[in-house]
Amino acid sequence: MSKVNLYIYPQARDHVQDSMRYYKHKVPFGKAGIEKHCNITTDIDKADLFYMGQMNADDANVPLNFEYLEKWPEKHVVDLEGDFNESNVPPPLPKEVLKTMATATNTIDWGNLVPRMAMSHVAWELSQNKEYIPDVEDKQKKFFFRGQYNHPLRGTLKNIEASNPPFNIEVTLLREWGGQVDLEDGDSRANMVDPYHKSMKAHLLSLCPRGVGMGSVRFYESCYFGCVPIIIGFDTILGDPWYDTSFIFRIDPTRSPEQIKEELHSISKEPLNLLRERGLKARVYYNEVVLPYMEDPTKYFLDTYKNNMKVINE
């Protein structure tokens, strides 16, 4: 893969992820990715891409000041960090601008978007153990969720469990989020990480509701374990819209608790062999999409646009 000529604006902010132990080199156009895949240029006529850096929701009220944005919006790249909706997208950000983002809701027309991966310490650790092969044949046909009680949707799932529904469901709500614990701390592993792994290995139907953020890193962890992900949210995910993600079940989070319960009941009626096929496809997705991203997010971004959007000059 030949390097691209990259113009970096002087005011472009570095990714916060590059300063974090487990998240370093896990966002497109981090320092390592730029060094590996880009030739830095100050000649705007030779630039394939113009890098605007990382922005967050606090930038919504700050005027954009990128000199060449109006002339070449389709060559500009920006990373959006955090949760955005119609009211806090940095203005005026043209649809043509190439965006990377982990929590993009699919209810907004983002224009040119390459979704990036939501991260956790657990997700990072799983990516280091590529040899693990899930055994979907031994998984229980049971909905499960184990995580922090940090959003009403998660309380809704607990209430569904308590309502004696006509399907198997197990919901464990915790006071802390195990995905961000110190992986080298023995107590944290024993109390949070190891039980989470055990649940993923034992159960087939993984409930993935949003938490504090709009996205759910649990989706990617579920795919690693060969679970069938049930996304209760409007998440965009790695590979959207180019990769076949029909193995996923999606539930509208604005539906009533009774309607969500009905949709889970409908899923529970799916034949076991077809659910197992979905679990296997989830792991194939992990191998073909998630791992390449984790290994080199900048290459993933550049390949995605070259293969699907054709915006980078050869």
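In the protein chain, among contacts (heavy atoms within 4.5 Å) between residues at least 6 apart in sequence, 70% join residues at least 24 apart. The model is a predicted one, in which local features need pLDDT of at least 70 and side-chain atom pairs count only at pLDDT 80 or more, while totals for chains, interfaces and linings use all residues. Residues are numbered from 1 along each chain as its sequence is written, and side-chain values use heavy atoms, with hydrogens and water left out.

The protein chain has 8 helices and 11 strands, taken as DSSP runs (H or I of at least four residues for helices, E of at least two for strands) and numbered from the N terminus. Its C-alpha trace spans about 65 × 40 × 35 Å along the principal axes. Of the 314 residues, 55% count as buried, that is, under 20% relative accessible area with a 1.4 Å probe, protein chains only.

The axes of α3 (residues 152-162) and α6 (residues 257-268) come within 10 Å and cross at roughly 65°; axes are lines fitted to C-alpha atoms over the stretch in contact, with angles from 0 to 180 degrees between N-to-C directions. Leu153, Thr156, Leu157 and Ile160 of α3 meet Pro257, Ile260, Lys261 and Leu264 of α6.

The cysteines come next. The count of disulfides, defined as pairs of cysteine sulfur atoms within 2.5 Å, is 0. Cysteine 223 is in no disulfide, the nearest cysteine sulfur, that of cysteine 208, being 7.7 Å away. Cysteine 223 counts as buried because its relative accessibility is 0%, and cysteine 38 counts as buried at 5%.

Conventions:
Buried means under 20% relative accessible area, exposed over 50%, partly exposed in between (1.4 Å probe, protein chains only).
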